Amino acid sequence: MMKLFIDTANVAEIREAWDMGMICGVTTNPSLIAREGADLEERMREILSIVTDGPINGEAIGTSAEELTAGARKLARIDSRIVVKVPMTQEGLKAIRTLKAEGIKTNATLVFSAAQGLLAARAGASYISPFLGRLDDIGQPSEALLEAFADIWSMYDLETEIIAASIRSPEHVVSAARLGIHIATVPYKILLAMTEHPLTDAGIKRFEADWQDALKKRGQST
Ligand code: E4P
């Protein structure tokens, strides 16, 4: 079944999602780390101690292949479960290729087309992250992009896994699952929204009311 990662750098959110059995990995990005006012390497260590199994993604900072590769090596030294996010650029592809040769796992990030995805897979990315919400934001159909990935990946035996990213709704997650996408990385509030249905709440109230009613009646008859 499609795996779920959480897309946050907030440790309380990660702990809750882990405790509820929702997630088997974490993605962060520089904006999410900055929002927490955290140090990247320290936060990676904290996350590793909460999520004790599965990949933990931190992003390499820089623009040149050299900068990206150096940043990636630093992160990868923390733990073998660290996956380094590398932006989908020409320099990023060079870094992905070098890191693959060194046995460092990468996640090609900021992917907005299947063409970009093909190149990242060829370069040796372990994961590719097409960003759905940001495509929707500019009026381009994110579902068509996911379909393209699903079609292509169904034709070949590829090691690279697709992560549906920039998720904005439970519907995004369900669309990805219906297409057989490997992973969706989901913000905490969307994970919580996925737990909810108004009929679940109404059902609980009704069961509770019926139960109390029955107790009262039994109390009256005895
Ligand atoms: C993925 O790994 C990114 O961190 C993330 O999904 C970006 O999402 P956003 O468009 O909501 O910032």
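Predicted model: local features only at pLDDT ≥ 70, side-chain atom pairs only at ≥ 80, totals over all residues.
Me: What makes strand β4 count as largely enclosed by the rest of the structure?
Reply: Six of the six residues of β4 (residues 82-87) are buried, so the strand is largely enclosed. Both faces are covered, too: Ile82, Val84 and Val86 are buried on one side, and Val83, Lys85 and Pro87 are buried on the other.

Me: How do you know that β4 is paired with β3?
Reply: Pairing takes at least two bridges. Strand β3 (residues 56-59) and β4 are joined by four bridges and run parallel. Across that pairing, Glu59 stands opposite Lys85 of β4.

Me: And what makes β4 and β5 a pair?
Reply: The cut-off is at least two bridges, and β4 and β5 have four, in the parallel sense. Pro87 has Thr109 of β5 as its bridge partner.

Me: How do you know that β5 pairs with β6 as well?
Reply: At least two bridges are needed, and three link β5 to strand β6 (residues 127-130), again in the parallel sense. Look at Asn107: its bridge partner in β6 is Tyr127.

Me: What makes the whole set of strands a barrel?
Reply: Eight strands close up in the order β1-β2-β3-β4-β5-β6-β7-β8, with parallel pairing.

Me: Which β-α-β units involve β4, and why are they called right-handed?
Reply: One is made by β3, helix α4 (residues 65-76) and β4. The other is made by β4, helix α5 (residues 90-101) and β5. The name right-handed applies because, with the strands pointing away from the viewer, the path from the first strand over the helix to the second runs clockwise.

Me: Which helices lie across β5 and β6?
Reply: Helix α6 (residues 114-123) lies across β5 and β6, at about 165° to β5. Helix α8 (residues 142-155) lies across β5, β6 and β7, and runs at about 155° to β6.

Me: Why is Leu110 called partly exposed?
Reply: Its relative accessibility is 32%. Buried needs under 20% and exposed needs over 50%, so a value in between is partly exposed. Leu110 sits in strand β5 (residues 106-111).

Me: What makes the phi of Leu110 worth a look?
Reply: Most residues other than glycine have a negative phi. Leu110 is not a glycine, yet its phi is positive, about 60°. Ser166 is another non-glycine residue with a positive phi, near 55°.

Me: Where is Ser166, and is it buried or exposed?
Reply: Ser166 is in the loop between β7 (161-164) and α9 (170-178). The relative accessible area of Ser166 is 9%, and the cut-off for buried is under 20%, so Ser166 is buried.

Me: How do you know that the buried residues of helix α3 are on the same side?
Reply: In α3 (residues 40-50), Arg43, Met44, Ile47, Leu48 and Ile50 are buried. They cover an arc of only 160° around the axis, which puts them on the same side of α3. Glu42 and Ser49, on the other side of α3, are exposed.

Me: What do the buried residues of α3 pack against?
Reply: They pack against α1 (11-19), β2 (26-27), α2 (30-36), β3, α4 and β4.

Me: What makes Asp39 and Glu41 a polar contact at the start of α3?
Reply: A side-chain oxygen of Asp39 comes to within 3.4 Å of the backbone nitrogen of Glu41, and the cut-off for an N or O pair is within 3.5 Å.

Note on methods: Residues numbered from 1 in each chain as written. Heavy atoms only, no water. Helix = DSSP H or I, 4+ residues; strand = E, 2+ residues; numbered from the N terminus. Buried < 20%, exposed > 50% of the residue type's maximum accessible area, 1.4 Å probe, protein only. Contact = heavy atoms within 4.5 Å. Axes fitted to C-alpha atoms, helices over the stretch in contact; angles between N-to-C directions. Arc of directions from axis to C-beta. Polar contact = N/O pair within 3.5 Å; in protein donor to acceptor, adjacent residues only side chain to side chain.
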